[in-house]
Amino acid sequence: MSTQQAMPQTEAAQTRKAVSNILKGSAGNLVEWYDLYVYTVFAAYFQSHFFNSKDELQAGLEAMAVFSTSFLMRPVGAWFFGRYADRKGRKAALTLSVTMMSAGSFAIALLPTTQQIGVWALILLIFVRLVQGFSVGGEYGTSATYMSEAATSKRRGFFSSFQYVTLIGGQMLALLVLVILQNTMDKSTLTEWGWRIPFAIGGVAALVVLWLRRSMEETVSAEQVAAAKIPAVAGVAQPGTMKLLFTQYWKPLLICIGVTLGGTVAFYTYTNFILKFMNDTSGIAKTDTSVINFWALFIFMLLQPVYGIISDKVGRKPLLLWFGITGVLFTWPLLSALSGTKDPFTAFLLMMGGLLIVGGYTSINALVKAELFPASIRALGVGLGYAIANSLFGGTVPLIGAALQKAGQVDLFFTYVTVAIAISLVVYIFALKNKKSTHLDHEQGHAWEAAAVDGGTAVTGPKDDDKDLVDASRR
């Protein structure tokens, strides 16, 4: 058999391997984000069991406050799981993460209410949400790292886009469960006990993913794991440590935060807070807003690989610039128009317009961040950078939005989202380069052969300390 005949088979085998690993990794991502989002989707039905039931707006505000508390644990989870993944392997970290999320979902499904145990119900709810925030804080960075490393070099944009396919799919699945329950249960039954069903579903699904992840292939080298086990030696880079991150990779960490800031605010605005926003500001029925959100997110989910394929052709930076420029120009008009519409189809088009803008960020942001760091610090760098921006900005969107709504200052919320996107746009323009050799290129093959030179998307290529990892493991 000739070399020309053998090459396609080799590439085909690599693609099959990548598809298998991506599916196993993304399935867990789907369940983890379903478990996270199902809280906000069903908040209107269970909030009276834990919060001030006399004032619906106040109860909703308190429910969103608890949602935001889970984001406080994101940086902690990112640190723990990022370090764990860089030192023990991606597979071990992802398995532990989904186990904790499953336990949290089962706990909420069985949680007593304030009518039964008083204020302890709220305390327990907050505790469980903190645990879930800790878990998902580790899921993002580790899964982003794993999916970027498991992808074939020429299709990294396409394969890594499935992180947000499943992330969006998790919210869409939560909305689907909501629509089904709304159409099979009356409101009183759903409010009384039906809200527990979606949390139980999440717990069971997580157990299924736990079984699937047992057969995932590891992307961390044996040398890196060995290097993590030896005692620290002067001049030797220890993988997965804060010291390594802050002394040698603080610049890409700051860039990671900047890349995330505007994107996470826009994402949570158009995919999470938007449902409550429609319910409170438009004349559209709640059952209709649920359907609008479902179909808009469904189309948005399908578009992620399309954006990813485009990035594999033109580079990552053009897509981020699309998001940044159009986000600054159209966020205020879109949200302002949405707040006054009473027509479901018009609301759908407005929401879809916002999502088409955000897709430039969601589809490839995980890959952009993974390309900033070498394998020795990738999960920690990506996870922590994302978690810091997500906790301070993305996770607080529902709370800020609800508070400004209650104060009658919703226009300030539109401005807040626009300014956040503008800040990230500056980062995209000045801190990122297009089609340049990255750490992933050096490790696993170049995405663009013509650009196979030292340099990086925003930082220089692998440093000498990465070689020390291999040397240290052989001592």
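**Rings, helices and confidence**

User: Why does Phe298 count as partly exposed?

Analyst: Phe298 has a relative accessibility of 28%. Buried means under 20% and exposed over 50%, with partly exposed in between (1.4 Å probe, protein chains only), so at 28% Phe298 counts as partly exposed. Trp295, at 45%, is partly exposed as well. A word on the source: this is a predicted model, where local features need pLDDT of at least 70 and side-chain atom pairs count only at 80 or more, while totals for chains, interfaces and linings use all residues. Residues are numbered from 1 along each chain as its sequence is written, and side-chain values use heavy atoms, leaving out hydrogens and water.

User: What makes Phe277 and Phe414 an edge-to-face pair?

Analyst: There are 25 aromatic pairs in the structure. In this one, the ring centres are 6.1 Å apart and the planes make 80 degrees. Rings of Phe, Tyr and Trp (its six-membered ring) pair if their centres lie within 6.5 Å; planes under 30 degrees apart are stacked, over 60 edge-to-face, the rest tilted. So 6.1 Å makes Phe277 and Phe414 a pair, and 80 degrees makes that pair edge-to-face. The two sit 137 residues apart, Phe277 in helix α14 (residues 250-281) and Phe414 in helix α21 (residues 410-431); helices here are DSSP runs of H or I, at least four residues, numbered from the N terminus. Both Phe277 and Phe414 are buried.

User: And what makes Trp295 and Phe298 edge-to-face?

Analyst: Their centres are 5.7 Å apart and their planes 85 degrees. Trp295 and Phe298 are three residues apart in helix α15 (residues 286-314), so about one helical turn separates them.

User: Why is α9 called roughly antiparallel to α15?

Analyst: The axes of α9 (residues 162-184) and α15 come within 9 Å and cross at roughly 160 degrees. Angles over 145 degrees count as roughly antiparallel (under 35 roughly parallel, 65 to 115 roughly perpendicular, the rest oblique), so α9 is roughly antiparallel to α15. The axes are lines fitted to C-alpha atoms over the stretch in contact, with angles from 0 to 180 degrees between N-to-C directions. The crossing is left-handed, meaning the near helix is turned anticlockwise from the far one by less than a right angle (clockwise would be right-handed). The contact (heavy atoms within 4.5 Å) includes Phe162 and Leu175 of α9 and Phe294 and Phe298 of α15.

User: How do you know which element has the lowest confidence?

Analyst: By mean pLDDT, the predictor's confidence in each residue from 0 to 100: helix α23 (residues 464-473) is lowest at 42, helix α17 (residues 344-362) highest at 95. The protein averages 82.
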